[in-house]
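This report goes through a structural model section by section. Have the sequence and the coordinates open while reading.

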Amino acid sequence: MSLWSRITYVFRGDRLNHEIDEEFVAHMEEAIAAGEDPIEVRRTFGSPLRLREQSRDARIVGWLDNLCADLVFGWRQLLKRKVPTVAAILSLALAIGACTSAFRIIDALFLRPLPVAHADQLNVLARQGPDDHGVPRSFDDFAYPNFARMRAAAQGQAELIAASFTYRTDLTYATDNEMEKGYVQYVSGTMFPIFGLRPTLGRLFTTEDDITPGAHPYAVISYNYWTRRFANDPQILGRAVHIGSKMFQIIGIGPKSFTGTEPGIVTDIFLPTMMNPDVRRTDNSWLRIFAVINPAVPHEPLRAKLDAVSLNYESERTKGFVGMSRHNIEMSLQKKMVIEPAASGVSRLQGDYRRALVWLAVLVALVLLIACANVANLMTAQAASRAREMALRVSIGAGRSRLVQLVLIENAMLALFSAALGTIFAWWAAPFVVSRINPPDHPAHLILSADWRVLAFGSLLTLVVTLLFGLAPALRASAIQPVTALKGGNEPQSKRRSMYALIAAQAAFCFVVLFLAGLFVATFRHLSNQPLGFDAKDLLLLETATPHGQSPESWSQMADTLRVIPGVKDVAIASWPLLAGGWTGSISVNAAPPTDTWSYFLSISPGWLNTMKMRLIEGRDFTSTDSFPGEAIVNQAFVKHYFKGANPIGRTFEKVNPLGDRKLCLVVGIVADAAYSNLHDPVLPVAYVPVRHLNADGTINPPESGTFVVRTSGIDAIALAPMLRRLAGQSNPAYRVRNVLTQQELVDNQTVRERLLALLALFFAIVALLLAAIGLYGVLSYSVLQREREIGIRIAVGARIGSIARLVTAQIFVTVSIGAAAGVAFGILSVRYVQALLFGVKGTDPSMLIAPTLVLLAAALLAALPAVLRAARIDPSIMLRAD
Amino acid sequence: MKKTDALQGSLDLLVLKVLSRQPKLHGYAIMTAIKQISGDVLNAEVGSLYPALHRMEETGWIRAEWAPKDAGRRTRLYQLTAAGKKQLAAEVARWHTVSSAINRVLQEA
């Protein structure tokens, strides 16, 4: 008989039994027919039941049969204790789901290779060296001319691909009045062929699209965008899309799987690098360089070669930088080229969230451990109540491995149910978290596919969890001594010890989770309470372009036009909004050599300070006749830095650019410090200059772009946007509003990561605390139950409630305290690694340690209360009579 | 091949031998055949015979099938398989080696 029939017999045990019995009956009939004595014949069969068992064992797969029996038994055991089972499953499910979610996000962002040919040979180039502040950093931005040289140098050894930073911009398929937003990425024509990608429709870029700047007005749209925006309409080929001031023809639709090279952003539209307005500029670094390196080529010589080419390029470029301090030039040339593997692509999201996600993973892992400890304790308590059953099984001959299997299967069932539920949770949670990563109107778009990787992780996790919480109770159950167990049992002491050890571990983990959550919440609070220096509420920003430039007077007229709309209080102009962009230069006071410290600049119109509600400390605002070079208003940090705190009004400074060009400015006002480009940075020295820029010959340089800063009167600012946009276009067609956003959005963008981290950490802290409290409650109730008789006697002989409470809780509080102490140690050790994620918070700050300790102790107190009450209510007369 | 102890081995040997002479026997017939041929010396117990039959069926030495008897009842008939024939030859050879060895020991002593 085959294995298969043996397996099928397992599930048709009745039929097998029936067949065996039928054969025996036939045997007896034959014997009686042959004239033997019926009684004697029956006697030869001895115990038919045992005989049947023996025959049955020969004909089925024993372990499978046992497994089925254990499954059925385990299921009944779980059903018998509904409340603990449901609690265990829910807590494990939450923890497993959280872990799986974390894995899905980490996998999608960092581990999953791009769906391109040779992903394993894909690398990205970066330069490592000091930044403007002398802090070592990695720079992966390059200028196109530098890329072109390196590509030529690497010929034959590696294929270099340029891919711009994907950015979100306004575009339209019709008129300027119907703007929409899309993610655009400029890529080398060689990218698609090297990646081995084939179009879904039309054609993709080729080397032919890599030749002449400005001569390849074609666009390839991604499959994802094609589905989202055009519902897979094949008619889209050949249509025109307007991006910026250019028009592109859609020539193809990319392959289904490819969404660009930046995990976290789905590129909508690919454009050839040749169409980037800055393709010839040597001073604008706007692209990343990917290198598909031939596997036979060693990396180090290639790296050295590229390093030399890039350094040569930079040295040539900086040779004319007489306006940059020697020190700064040297720093900029110190950068060293590195080749880093980039199989999964490269994105800013990775850099921003690497640490945050690692710590999130640590948090969920700790929560999982807490949940496992809980269930292990639950199982131990149950094992105690099942000690007699186990002892009985041992006495009638059950093997140790058989008992381990029995208990483990029950636990595995628990884990499987939890995993199933957890998977459902992860299904929802991972996209939810990703959707919170960026501002709500354009969230991060991470492709979270559910495939064998996630499945493998989930299965492994389930297995680990089962062993974590199930192995110890299983081993303990199997090691039972029938003699002691059947006699009434005298070993709860050892059991209680292991339970207490788990409680201590829980307390330690819980403390770490609370501590980290506290740090993250404090960080978010500090950052969002960071003084901005301006009022971000009710500020609408209209990023506007005038392709051929408009005079400052015309810009000012447009501001006047917009001001008449009801709901608009005030309108001013800046070259760009605060917290969105930057412009730097060296400063020279009294014609001294340029300083090492950069200053930051922003062009503003008269009235801008007032519209932003920034405080003018001294001096005056700009007037319409002020210009740059000419006048400047500086912030307090600027005064401190360059004028050593002396009153600068009436004095001058020069803005020096790297080429040595000097622009003289007279300080006419001092304004309070305000956030410039990043809330995380310390306050920067900033000089505000008029939007009226003069050329070297004294003529006015008409601005080609600017931002109207609109202060609205408390109504929903964004609701005014369409009207403002229309009015601007109608009153002067030369103005195109490219992008509308609120200042508050820009402020919120600054704290997105911190908010997310604080939110999730807080959530997990609550879960951890809840789980730990439930665990504590369970163990205390169990120990009171175990010692009911002892407590009854104590009460009978006159113990007071206080001493009973001490009896019940003393040990547990010592345990929790030991755990918390260990947690403090862990916490202090971990602070070093979290510090980079913190802002304005010191991990070693005593208050950051005391708060979680108090919360933990309070939770322990609360959890202990029911057990103490229960112990105090024991009525000795009933208790002692009961046995 | 599974190593079997001497007693079980000899029961297996007897059953296989009986089945090699006459295919398609039911359990009772095998039992009586062993009894008759050995002249009432060897007596296979029901308690050993059936587990042995089922085990050998599992191993693939013998094959069983249900055959209709009178009035809708069935009986289970056993017969040798190719593997069983090979096993029989091996068992016979082993038996001869063991018994001649035992005989030599008995003669020497």
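## Terms and model

Axes are lines fitted to C-alpha atoms, for helices over the stretch in contact, and angles run from 0 to 180 degrees between N-to-C directions. Helices (H or I, at least four residues) and strands (E, at least two) are DSSP runs, numbered from the N terminus.

This is a predicted model, in which local features need pLDDT of at least 70, side-chain atom pairs count only at pLDDT 80 or more, and totals for chains, interfaces and linings use all residues. Residues are numbered from 1 along each chain as its sequence is written, while chains are lettered from A and ligands numbered from 1 in the order in which they are written. The model scores are ipTM 0.83 and pTM 0.78.

## Helix packing in chain A

Start with helix 12 (residues 348-385) of chain A and helix 23 (residues 752-786) of chain A. Their axes come within 10 Å and cross at roughly 10°. Angles under 35 degrees count as roughly parallel, over 145 as roughly antiparallel, 65 to 115 as roughly perpendicular and the rest as oblique. Helix 12 of chain A and helix 23 of chain A are therefore roughly parallel to each other. The crossing of helix 12 of chain A past helix 23 of chain A is left-handed (the near helix is turned anticlockwise from the far one by less than a right angle; clockwise would be right-handed). By class, this contact of helix 12 of chain A with helix 23 of chain A holds 23 nonpolar, 4 polar and 2 charged residues. Here Ala, Val, Leu, Ile, Met, Phe, Trp, Tyr, Cys and Pro count as nonpolar, Asp, Glu, Lys and Arg as charged, and the others, Gly among them, as polar.

Helix 23 of chain A also packs on helix 26 (residues 846-873) of chain A. The angle is about 30°, and the axes are 9 Å apart. Helix 23 of chain A and helix 26 of chain A are therefore roughly parallel to each other. This time the crossing is right-handed. Helix 23 of chain A contributes residues including Leu769(A), Ala772(A), Leu776(A) and Tyr777(A). From helix 26 of chain A come, among them, Val855(A), Ala859(A), Leu862(A), Pro866(A) and Arg870(A). The residues of the contact of helix 23 of chain A with helix 26 of chain A divide into 16 nonpolar, 1 polar and 1 charged.

## Loop geometry in chain A

A cis peptide bond joins Phe628(A) and Pro629(A), with omega about -5°. Pro629(A) sits in the loop between strand 17 (616-619) and strand 18 (630-635) of chain A.

Asp538(A) has a phi near 55°, a positive value in a residue other than glycine. Its loop runs between helix 17 (492-528) and strand 13 (539-545) of chain A. Asp538(A) is partly exposed, with 18 other C-beta atoms within 10 Å. (A residue is buried if 20 or more other C-beta atoms lie within 10 Å of its own, exposed if 12 or fewer, and partly exposed in between; C-beta atoms are placed from the backbone.) Leu579(A) has a positive phi too, near 65°. Leu579(A) lies in the loop between strand 14 (568-574) and strand 15 (584-588) of chain A. With 22 C-beta neighbours inside 10 Å, Leu579(A) counts as buried.

## Chain B

Chain B has 4 helices and 2 strands. From the N terminus, the order is α-α-α-β-β-α. The C-alpha trace of chain B spans about 60 × 30 × 25 Å along its principal axes. Of the 109 residues in chain B, 29% are buried.

Leu88(B) belongs to helix 4 of chain B. Leu88(B) is partly exposed, with 19 other C-beta atoms within 10 Å. Beyond neighbours within four places in sequence, Leu88(B) is in contact with Leu16(B), Lys17(B) and Ser20(B) (contact requires C-beta atoms, placed from the backbone, within 7 Å). Leu88(B) and Asp12(B) are 76 residues apart in sequence, yet 8.6 Å apart in space, C-alpha to C-alpha.

## Confidence in chain B

The mean pLDDT (the predictor's confidence in each residue, from 0 to 100) of chain B is 83, and 91% of its residues reach 70 or more. Within chain B, confidence is lowest in helix 1 (residues 6-21) of chain B, at a mean of 79, and highest in helix 4 (residues 82-108) of chain B, at 90. Over residues 1-6 of chain B, pLDDT stays under 50.

Note on methods: Two residues are in contact if their C-beta atoms, placed from the backbone, lie within 7 Å.
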